[in-house]
Amino acid sequence: MATLLQVTTAFIVTLLLGCSNQSSNKTNSRKKDSVINNSKTATLVDTLRSFVKSYGASDSNRLFAFVGEKISVEPLPHNRGSMDKGFKAKYAILKKVYGNFPEDTIEFVAYDHYGTPPFSKFKNVLLYVSADSGLYFHQKYMYNDVYKTKDGRWAGTYADDDYEHAYNKHTKTKPIKIDFAERVVYPTKMIDDEGQQIVFSYPKPYFKTIGDSAIAIYGNFVEELFALKKTGFLTARGLFEATAEQEEDMVESSQPEAPKTPPSADDLKFLAFWKTFVASVKEPGLKNFSNIALDSLMICDKMLSTGNFINKCFGEVIDDEVRKRIIDRTKLEYTSAEVEFTNLFTSNARKEIVRVGNNYRFRQMLVTCSTKNNNPPEVVFNFIETKKGYRLYGIDHHGFKECCQ
C-alpha cells in the first residue's frame with residue numbers, strides 16, 4: 001500500500017536510444033541497471049551496423065552540430081519491444097557549427113516516438129548528433145529548421161522552446177530581425193490524420209500572421225541557435241555542465257503556483273505544524289524531531305525505527321539542499337487525503353493516530369530541489385494526524401535515488 005501514498009512524478013531520463021521528452025534531469029542509475037542497459041545497447045548497435053554506416057570512432061557521446069541538407073530519411077526495421085520508430089538519415093553537411101566530423105555527408109540513426117522525425121520535413125536543418133561506438137545518433141527531438149539569409153548566412157526562426165527553457169532564463173542571446181533570402185512562412189491551420197483541424201499560434205512580434213499563414217520576422221543565426229540548445233536542452237541532458245545560477249532557475253521554474261483558494265482551517269493547522277517541523281530538523285540533537293515523528297517511519301519504502309533513521313541516514317535524506325528549500329513555504333506544495341493503511345504501523349503508533357471513518361487523515365509536503373550533486377528533484381514529506389497533532393509518517397524521494405541502504 002505504500003506506493004499508493006506517493007505522488008507520482010515522471011522524471012524521464014533522455015537517452016539517445018530511449019523514448020523521452022526534450023528536457024530531462026540527470027539522475028543516478030543503479031550499477032546493475034547500467035550493465036543491463038549497456039548490454040542491450042551493444043546488441044542494438046551491432047544490429048544497426050547492418051544498415052547504417054559506422055565511422056569507427058573510438059570515443060562516445062561526442063556532440064556534432066551541423067547545418068545539413070536532406071539526402072534521405074528511411075525507416076529501419078522495428079526493434080521488438082521499443083516504443084520508438086527508428087530511421088536511417090543521410091544528410092549533406094553544409095556548415096559545421098560545433099564539433100568535428102571528417103566527411104561531407106553523414107549517416108545517423110534517429111528515433112521518434114510519434115513517427116517520422118519532424119526535422120525530415122524541412123530541406124535544411126541544424127541537427128545535433130552524438131557518436132556511440134562508431135555510429136552517430138540524433139539527439140532526440142533536437143533540431144532547428146534553417147534558411148539562407150540575404151547576406152549568405154544560415155539562420156532559423158524564433159526558437160520559443162529554447163528561450164523558454166528554465167536554464168536559459170538569463171541567456172544573453174536575444175532574437176533579432178532576420179533578412180531571409182526568401183520569405184519563411186508557416187501554416188497556422190492543418191488537418192491531422194484523423195481529419196481534425198489543428199490551429200497553431202505564432203507569437204508577436206516574432207511572426208506576422210496574414211490569413212492562414214505566419215511569416216517569420218525574428219530569429220537567430222545558427223551559432224546563436226546552437227548556443228541556446230547548448231545551455232538549455234543539451235545541458236539538461238548532461239552533455240554540458242549547468243551553472244549554479246541555472247540550477248536555481250530550474251528549481252524556481254518547478255515551484256508550484258500559489259493556491260487560488262484560501263487555506264482551510266485544517267490547512268492552517270497543518271501549516272502551523274510545518275513551521276515546527278522545519279525548526280526541528282535544524283535543531284542540534286533532533287530531540288523535537290523525535291517527538292513529532294512516529295516511533296517508526298517509512299523511509300524510501302523501508303520501515304525504520306525513528307532512532308535508527310536518525311542514527312543511520314538522517315543527514316543523507318534531509319541534507320543541506322533539503323534544509324535550504326523547506327524554509328520558504330510559498331515555494332512548496334501541500335496536499336491532503338484520507339487513506340487506509342495495512343499493517344504499516346507499530347502498536348504504539350496505532351494508539352496515537354486519529355481515524356476518519358475507516359481511514360486516516362494524511363498530509364504531504366512536496367519540496368522541489370536542485371538536481372546538482374545527485375540530489376533527487378523532489379522530496380516528499382508524509383504526515384498523519386494523531387491525538388497529539390500531526391506527526392511525521394515517512395519521507396519519499398522521487399528521482400530514482402536510493403537511500404538508507
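Because the model is predicted, local features are reported at pLDDT of at least 70 and side-chain atom pairs only at pLDDT 80 or more, while totals for chains, interfaces and linings use all residues. Residues are numbered from 1 along each chain as its sequence is written, and side-chain values use heavy atoms, with hydrogens and water left out.

The protein contains 9 helices and 20 strands; helices (H or I, at least four residues) and strands (E, at least two) are DSSP runs, numbered from the N terminus. Of its 405 residues, 47% are buried, where buried means under 20% relative accessible area, exposed over 50%, and partly exposed in between (1.4 Å probe, protein chains only). Contacts are heavy atoms within 4.5 Å. Among contacts between residues at least 6 apart in sequence, 65% join residues at least 24 apart.

Strand β14 (residues 293-299) pairs with strand β15 (residues 302-305) in the antiparallel sense over 4 bridges, pairing being assigned if DSSP finds at least two bridges between two strands. S296 has S305 of β15 as its bridge partner. Between the strands of this hairpin are 2 residues, and C300 takes a positive phi near 50° there.

C300 also takes part in a disulfide, joined to C403 with an S to S distance of 1.9 Å. A disulfide is a covalent bond between the sulfur atoms of two cysteines, counted here for sulfur atoms within 2.5 Å. The link of C300 and C403 is right-handed, with 120° about the S-S bond. C300 lies in the loop between β14 and β15 and C403 in the segment after β20 (389-398), so the bond ties together parts that are 103 residues apart in sequence. Both C300 and C403 are buried.

By the distance rule the protein has 2 disulfides. The other pair to describe is C313 and C404, whose sulfur atoms are 2.0 Å apart. The torsion about this S-S bond of C313 and C404 is about 90°, so this disulfide is right-handed. Because C313 lies in helix α7 (residues 306-317) and C404 in the segment after β20, the pair ties together parts that are 91 residues apart in sequence. C313 and C404 are buried. With the bonded cysteines numbered in sequence order, the pairing reads 1-3, 2-4.

Salt bridges number 14 in the structure, each being a side-chain nitrogen of Lys or Arg within 4 Å of a carboxyl oxygen of Asp or Glu. One of them brings together K95 and E223, with the closest N and O atoms 3.5 Å apart. K95 is in strand β2 (residues 85-98) and E223 in helix α3, so this pair ties together parts that are 128 residues apart in sequence. K95 is partly exposed at 31% relative accessible area, and E223 is partly exposed at 39%. Another salt bridge links R363 and D267 (2.7 Å, N to O). Here R363 belongs to strand β18 and D267 to helix α5 (residues 265-281), so parts 96 residues apart in sequence are tied together. R363 is buried at 1% relative accessibility, and D267 is buried at 15%.

Helix α8 (residues 320-325) includes R325, which meets E321 in a salt bridge (2.8 Å, N to O). R325 and E321 are 4 residues apart in helix α8, so about one helical turn separates them. Both R325 and E321 are buried, and together with E248 and K324 they are linked in a network of salt bridges. Beyond residues up to four places away in sequence, R325 touches E248, V251, L332, V367, T368, C369 and S370. In this group, C369 is buried with a relative accessible area of 6%. The C-alpha atoms of R325 and V251 are separated by 9.6 Å, although the residues are 74 apart along the chain. V251 is among the buried residues of helix α4 (residues 244-253), which also include Q246, E247, D249 and M250. The buried residues of α4 pack against α3 (222-236), α8 and β18 (359-368).
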